[in-house]
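Hi,

Here is the structure I promised to pass on. Have a look at it first, and then read on for my notes.

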Amino acid sequence: MPRIEPLPREAFAEMEDMLEMVEATMGFVPNSMLTMGRLPGLVQAFAMLGATVVGNSTIEPGLAQMVGMMASVGGGCRYCQAHTGHGAERAGVEADKLAAIWDFETDDRFSQAERAALRVAFHSGQVPNAVTDAEFATLREHWSDEEVAAIVAVCAFFGYLNRWNDTMATQLEASPMDFGERVLTDQGWDAAKHR
């Protein structure tokens with residue numbers, strides 16, 4: 001049960017065009033955004049940041065979602081794990097690869113470049129931040145400075161979302177819940193307080 005109820009979509013009439021764009025991208029309007037609407041200006045600022053961080057073309061959309069997923073695994077947010085896994089699948093990442101993401105270090109479906117990005121993402125989500133100089137150096141072997149900035153931006157963006165959704169106990173929407181139950185439960189994922 002959410003700790004604060006999301007506002008109804010009708011409360012965002014002046015932002016309907018933006019919500020339609022979010023819905024077209026994600027397949028739904030996230031309850032997290034509807035809860036953020038309780039603080040004037042936050043939804044607009046969040047949407048602009050999200051479009052810049054996740055919607056840019058610096059890194060491939062599927063990779064951006066997997067980076068967000070591993071940052072969320074590191075941070076422990078099951079809501080965001082389901083969201084980013086669902087987003088990666090919508091971006092064309094195979095479900096079996098997403099089910100194996102916990103084994104990215106050894107699974108052949110992950111390239112060395114992906115491993116470097118996912119390793120930094122996972123460790124960036126931990127508190128305190130556990131990214132090492134060696135891990136960052138490996139990341140830079142595979143990605144340009146602009147791509148590294150995009151990867152770290154995704155990690156930081158999901159750091160915010162992890163804190164928001166875990167603290168608010170945001171309720172998962174139907175499609176990411178279905179993804180989590182279909183793909184992630186064999187790895188120990190459970191919606192828990194986000195049910």
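Of the 195 residues in the chain, 49% are buried. Please keep in mind that this is a predicted model. The exposed surface comes to about 9200 Å², and carbon and sulfur atoms supply 55% of that area.

On the fold: the chain has ten helices and zero strands, so its radius of gyration is the next thing to look at: the value is 16 Å, close to the 16 Å that the globule rule gives for 195 residues, and the chain is therefore as compact as a globular protein of that length. Along the principal axes, the C-alpha atoms fill a box of roughly 45 × 35 × 30 Å. Among contacts with a separation of 6 or more, 67% are between residues 24 or more positions apart.

The largest nonpolar core holds 60 residues, and the members that touch the most others are Met33, Met66, Val67, Leu98, Leu118, Leu139 and Trp143. Two or more residues of this core come from each of the helices H1 (16-26), H2 (31-36), H3 (42-53), H4 (61-75), H5 (78-90), H7 (112-124), H9 (145-168) and H10 (174-184). H9 gives the largest share, ten residues. In soluble globular proteins, nonpolar side chains tend to be buried together.

Leaving aside residues up to four places away in sequence, Leu98 touches Met66, Met69, Gly85, Ala88, Glu89, Val93, Phe179, Val183 and Leu184.

A few backbone details may also interest you. The peptide bond between Val127 and Pro128 is cis, with omega about 0 degrees. Pro128 sits in the loop between H7 and helix H8 (133-142).

Two alanines have positive phi values. Ala169 has phi near 50 degrees and lies in the loop between H9 and H10. Ala192, with phi of about 45 degrees, belongs to the segment after H10. Which of them is buried and which is partly exposed? Ala169 is buried, because its relative accessible area of 2% is under the 20% cut-off. Ala192 has a relative accessible area of 45%, so it counts as partly exposed, between the 20% and 50% limits.

Best wishes

Methods
Residues numbered from 1 in each chain as written. Predicted model: local features only at pLDDT ≥ 70, side-chain atom pairs only at ≥ 80, totals over all residues. Heavy atoms only, no water. Helix = DSSP H or I, 4+ residues; strand = E, 2+ residues; numbered from the N terminus. Rg over C-alpha atoms; globule rule 2.2 N^0.38 Å. Buried < 20%, exposed > 50% of the residue type's maximum accessible area, 1.4 Å probe, protein only. Contact = heavy atoms within 4.5 Å. Areas by Shrake-Rupley, 256 points an atom, 1.4 Å probe, with all protein chains shown as cover. Core = buried A, V, L, I, M, F, W, Y, C linked by side-chain atoms within 4.5 Å.
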